[in-house]
Amino acid sequence: MEHSYLLVGPLLLAAYGWYAKRPQPEDIFSRPREAYGEALRTYGPVIGVRRKGNLEYVVNHEYARYVLTCDRLFSFEQGSAAIMNLQPIMALTEGTLFRDLQDFVRDGIVARIDEIVYRIWPLFQRDAKSFVELAAEGIKSGRHPSCFDHFRGTIAETTLILLLGQDYVNHRNLEIVEEVSNGMAELTGQYQNFSLIGKYLPILWIVYTWIKVMLISIPFGFLRTYGPMVWKDIDRYQKMATSGNLSPKDEPRNVLFLIVKTYAPQNGGRIGFFRRLYIAILLLCLIFAAVHTTTVVSQWVLYQLAVRPEYLGPLREELSRVLEEDEDGSMRLTAASLREARLLDSFIREVMRLKGDTISTMRYTTCDVPLGNVIIPKGHFVTPMSTTVHENPEVFGEDSREFNGFQWAEQNKEAVMTGPAHIVFGLGRFACPGRVLAINEIKLIVFSLIARATPTLLEGKFEVADPLNTVTQPPKGTLVLNPLEKPYL
């Protein structure tokens with residue numbers, strides 16, 4: 001054909017267009033919703049993605065419930081340990097780590113939630129008041145305090161009291177708790193997406209973080225500071241638990257006592273060194289789970305409130321309605337009053353639904369599993385893509401991505417409720433056991449702040465710091481609190 005060379009230009013243009021449009025490796029970190037969504041639409045309900053040195057299988061809403069609830073085929077424990085770089089700890093604990101954590105959270109925290117909220121309310125009151133004062137100074141000086149850092153300290157103190165007791169609370173110990181929380185977050189890969197080495201040389205990243213956290217930070221921080229105190233308390237609590245003279249109402253109200261009571265040998269022997277080491281591991285995991293993730297979600301809620309001021313009026317009215325009068329005549333919140341705060345509960349649930357979670361909790365195949373149009377080999381990660389679940393138009397209608405903060409109050413669905421269309425906390429027997437405490441703490445933070453100030457954003461908007469990991473990364477922006485002339489508290 002004459003002048004066939006003229007076709008070269010259009011062909012090259014088409015080839016470039018295809019190349020530019022196809023998902024790039026960096027897309028799964030910078031625009032995961034679009035990259036994963038396009039792949040699922042193109043190739044079916046199950047896709048394989050290479051990320052951080054692993055071949056991961058991602059499923060859409062069709063198989064989300066099956067993957068999250070069929071632990072016989074898709075192991076939560078193996079998946080969580082592997083994705084969080086905790087396989088050595090799982091091996092040392094013979095695979096019981098997550099089940100033990102679940103039991104101690106259920107019996108030591110969830111079962112006592114009414115008493116716990118009553119105990120921790122003054123802490124949130126104190127720190128909300130001090131933060132609003134700092135924020136007012138920041139408006140004048142232009143140096144705005146970090147809401148995330150401030151309330152991470154509050155939740156760290158709450159965690160210390162619940163796990164170990166009031167006697168452990170001092171400035172240095174609280175610093176160590178925050179350092180442990182950050183260290184465990186780093187160890188479990190929460191900051192890995194910010195590093196080129198973490199994304200593209202994951203083995204090197206894992207080795208580096210293990211050395212930094214497990215061989216330096218924790219031994220010379222947590223164990224050196226807390227080790228002697230916890231060791232003595234284990235001995236003291238074991239004597240109390242085995243004496244036969246302690247009534248349930250006189251038992252220390254902290255999780256460490258419950259752990260010691262559970263592990264005290266029936267023959268009257270002393271709890272051994274390796275069991276004590278395991279108790280330390282349990283405490284480290286509980287500190288990370290209690291402090292970091294709860295603080296992150298609280299910031300997402302506050303940032304959404306800052307850009308949606310129309311919700312503040314109804315929420316303040318609700319606060320006025322649910323406040324209870326204390327013995328001395330002052331107003332306070334209790335677990336019962338927080339349960340009545342249905343509008344705030346609904347707002348929190350909607351924020352969690354739409355904040356952009358991409359990858360859900362990981363599972364690990366225990367054998368070759370046929371799923372959709374593929375057979376997933378044994379020993380591979382499988383996870384639902386949360387966005388396809390939380391924004392499924394078959395469930396939420398054509399406006400599934402539209403924010404409707406109070407819809408869950410109308411439907412009588414609480415923030416802690418899990419289900420096939422709400423997998424923020426997981427699903428099935430391994431759904432997050434600490435979600436009851438987390439939601440109560442978030443409510444305390446939000447109510448304590450909006451009772452005293454109006455949240456706004458300095459930039460007028462916020463950015464998503466890590467689109468692939470909104471679960472454990474707060475939004476990026478500057479939260480400004482403008483004090484009210486007549487505070488509610």
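Mentor: Start with helix α7 (residues 97–108) and helix α13 (residues 255–263): their axes lie 10 Å apart and meet at an angle of about 120 degrees. That angle makes α7 oblique to α13. The crossing of α7 and α13 is right-handed. On the α7 side, Asp100, Phe104, Asp107 and Gly108 make the contact; on the α13 side, Val255, Leu258, Ile259, Thr262 and Tyr263 do. By class, the residues in this contact of α7 with α13 are 5 nonpolar, 2 polar and 2 charged.

Now the terms and the source. This is a predicted model: local features need pLDDT of at least 70, side-chain atom pairs count only at pLDDT 80 or more, and totals for chains, interfaces and linings use all residues. Residues are numbered from 1 along each chain as its sequence is written, and side-chain values use heavy atoms, with hydrogens and water left out. Helices (H or I, at least four residues) and strands (E, at least two) are DSSP runs, numbered from the N terminus. Axes are lines fitted to C-alpha atoms, for helices over the stretch in contact, and angles run from 0 to 180 degrees between N-to-C directions. Under 35 degrees counts as roughly parallel, over 145 as roughly antiparallel, 65 to 115 as roughly perpendicular, and the rest as oblique. A crossing is left-handed if the near helix is turned anticlockwise from the far one by less than a right angle, and right-handed if clockwise. Contact means heavy atoms within 4.5 Å. Ala, Val, Leu, Ile, Met, Phe, Trp, Tyr, Cys and Pro count as nonpolar, Asp, Glu, Lys and Arg as charged, and the others, Gly among them, as polar.

α13 also packs on α12, at about 60 degrees and with the axes 9 Å apart. So α12 is oblique to α13. The crossing of α12 and α13 is right-handed. From α12 come Val230, Asp233, Ile234, Tyr237, Gln238, Met240 and Ala241; they meet Leu256, Phe257, Val260 and Lys261 in α13. This contact of α12 with α13 has 8 nonpolar, 1 polar and 2 charged residues.

Follow α12 to its other partner. Helix α10 (residues 171–187) and helix α12 (residues 202–243) pack at about 155 degrees, axes 10 Å apart. That makes α10 roughly antiparallel to α12. The crossing of α10 and α12 is left-handed. Their contact divides into 15 nonpolar, 5 polar and 2 charged residues.

Next, a helix on a sheet. 5 strands form an open sheet with mixed pairing, in the order β1-β2-β9-β6-β3. (Two strands pair if DSSP finds at least two bridges between them.) β1 and β3 (74–75) are the edge strands, each pairing on one side only. Helix α3 (residues 32–43) packs on this sheet and touches β1 and β2; its direction makes about 140 degrees with that of β1.

Look at the β1 end. Strand β1 (residues 46–51) and strand β2 (residues 54–59) run antiparallel, joined by 6 bridges. Glycine 48 has tyrosine 57 of β2 as its bridge partner. Valine 49 has glutamate 56 of β2. The hairpin of β1 and β2 has 2 residues between the strands, and lysine 52 takes a positive phi near 55 degrees there. β2 runs parallel to strand β9 (residues 381–384), with 4 bridges. Glutamate 56 has phenylalanine 381 as its bridge partner in β9.

Finally, the whole chain. Its secondary structure comes to 21 helices and 11 strands. The C-alpha trace spans about 100 × 60 × 45 Å along its principal axes.
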